[in-house]
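Student: I want to know what stands behind the terms used for this model. Can we go through them one at a time?

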Amino acid sequence: MLLKFNTRIYQFFIDKMDLFEAMESRVNVKVYDKRDVPEELIAQILHAGTLAASAGDIQPWEFVVVKDKKTKIDLSVACLRQRHVEEAPLVIVVCANLEKVALKFGERGKTLYAIQDTGASIQNMLLAAHALGLGASWVHAFEEEAVKRILKLPDKIKPVGVLAIGFPLPYEKYYKTDIIPFENISWSEEYGKELPWFFKETWKDRFGIKKSLYENLKEMKIPSIEVKSTEANKVEDKTKPQDVKDKKPSVFERIFNWIRGLSRKTPTEKS
Ligand SMILES: Cc1cc2nc3c(=O)[nH]c(=O)nc-3n(C[C@H](O)[C@H](O)[C@H](O)COP(=O)(O)O)c2cc1C
C-alpha cells in the first residue's frame, strides 16, 4: 500500500528526458539503493525493450525478470562473481529466441541477427531505465550454460544480456567516460577521407550542443554524474577543472542529492 503510494508520488515527479539528454547522460551504474523497483517502472523498461528494430521484424527477445535473492546470487556467480548482479534490487535477463530467428534466417539469423536484435533491445532498456530515474548495468561477462541452468531456459533460448537495475545512490558519483568524437572515426565517401569541414566545426553550435560531453552534463545538472576521460579513447577534456574530480560532496549536498533522488526528477527539470 505504502509502496503503491510512493510509486504514485514518483510517477508524479517523473519528467521524461529528451532522448539526446538520456543518451548523453546514461552511465553504467553498478551501485544501487536498496529500494525495490516499482512494477510500473519494470513494465516500462520491458516495453522499451520490445520497441527495438529487429531483422525481418521477428522480435526475438524474451525477458526473465529476477528479484529473488538466491537466484540473483546464483546469477552473480555465473557472471564471474560480479557483485552488482547480486546487489541490484532487480535483474532482467534479456534472451533471444533462436528458433524464431532461424525459421526465417537460418544459421545467419541464429549467430548474428538474434544478437543484434537483442542488443538493440537492451540499449532501449538501458535508456528507458535511465530516463525513469533508475541506473542499470549491462553485464555480458557470464557463463552461458550456468545462466541457462539457473533460469531453466530451454535450448532455443539464448541469454544475451544480464541487466542489473536499481535506483542509483543519490550521494554516489557515477562516472561517464568521455566519448570518442564522431569526427575522429567517420569518413566521407571512402575510408580515410575526412568529412567536410562543417561537420568538424559548426554542427554543435547549430544544434545548440556544447563543446564537450562534460559541459553538456554540467548543464543537465545531474549531481551524481561526472565525466572521466580514459586513456583508451584519447579525448582531451580541457574543460574539466581538476578540483571537481576529487571533490567529496558536503553534508548539505548529500541531503540535497538524496531529496532529488527521492523525487527522481530528471535533468529536464532545467528551468
Ligand atoms: C556487450 C557488453 C558487455 C558488457 N559487459 C559488462 C560486464 O560484464 N560487467 C560490467 O560491469 N559492465 C559491462 N558492460 C558495460 C560497459 O563496461 C560500459 O558500457 C562501458 O564501460 C561504457 O561505459 P558507459 O556505459 O558508462 O558509457 C558491458 C557492455 C556491453 C555493451
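**Terms and values**

Tutor: The residues of the shell around the ligand divide into four nonpolar, five polar and two charged. This is a predicted model: local features need pLDDT of at least 70, side-chain atom pairs count only at pLDDT 80 or more, and totals for chains, interfaces and linings use all residues. Residues are numbered from 1 along each chain as its sequence is written.

Student: What makes a residue nonpolar, polar or charged?

Tutor: Ala, Val, Leu, Ile, Met, Phe, Trp, Tyr, Cys and Pro count as nonpolar; Asp, Glu, Lys and Arg count as charged; the others, Gly among them, are polar.

Student: Which residues are around the ligand?

Tutor: They are V27, N28, K30, Q82, S137, W138, V139, H140, A141, K176 and T177. A residue is near a molecule if its C-beta atom, placed from the backbone, lies within 6 Å of it. β3 gives the most, with three residues.

Student: How do you know what counts as a strand or a helix?

Tutor: Both are DSSP runs, numbered from the N terminus: H or I over at least four residues for helices, E over at least two for strands.

Student: What makes β3 and β4 a pair?

Tutor: Two strands pair if DSSP finds at least two bridges between them. β3 and β4 (residues 157-166) have five bridges, in the antiparallel sense, so they meet the definition. In β4, I165 is the bridge partner of A136.

Student: What is the strand order of the open sheet?

Tutor: Its four strands run β1-β2-β4-β3, with antiparallel pairing. β1 (61-66) and β3 are the edge strands, as each pairs on one side only.

Student: Why is α4 called roughly antiparallel to α7?

Tutor: The axes of α4 (residues 69-78) and α7 (residues 144-151) cross at roughly 170° and come within 9 Å. Axes are lines fitted to C-alpha atoms, for helices over the stretch in contact, and angles run from 0 to 180 degrees between N-to-C directions. Angles under 35 degrees count as roughly parallel, over 145 as roughly antiparallel, 65 to 115 as roughly perpendicular and the rest as oblique. Therefore α4 is roughly antiparallel to α7.

Student: Which residues make the contact between α4 and α7?

Tutor: From α4 come T71, D74, L75 and A78; from α7 come A146, V147 and I150. Two residues are in contact if their C-beta atoms, placed from the backbone, lie within 7 Å. The contact residues divide into five nonpolar, one polar and one charged.
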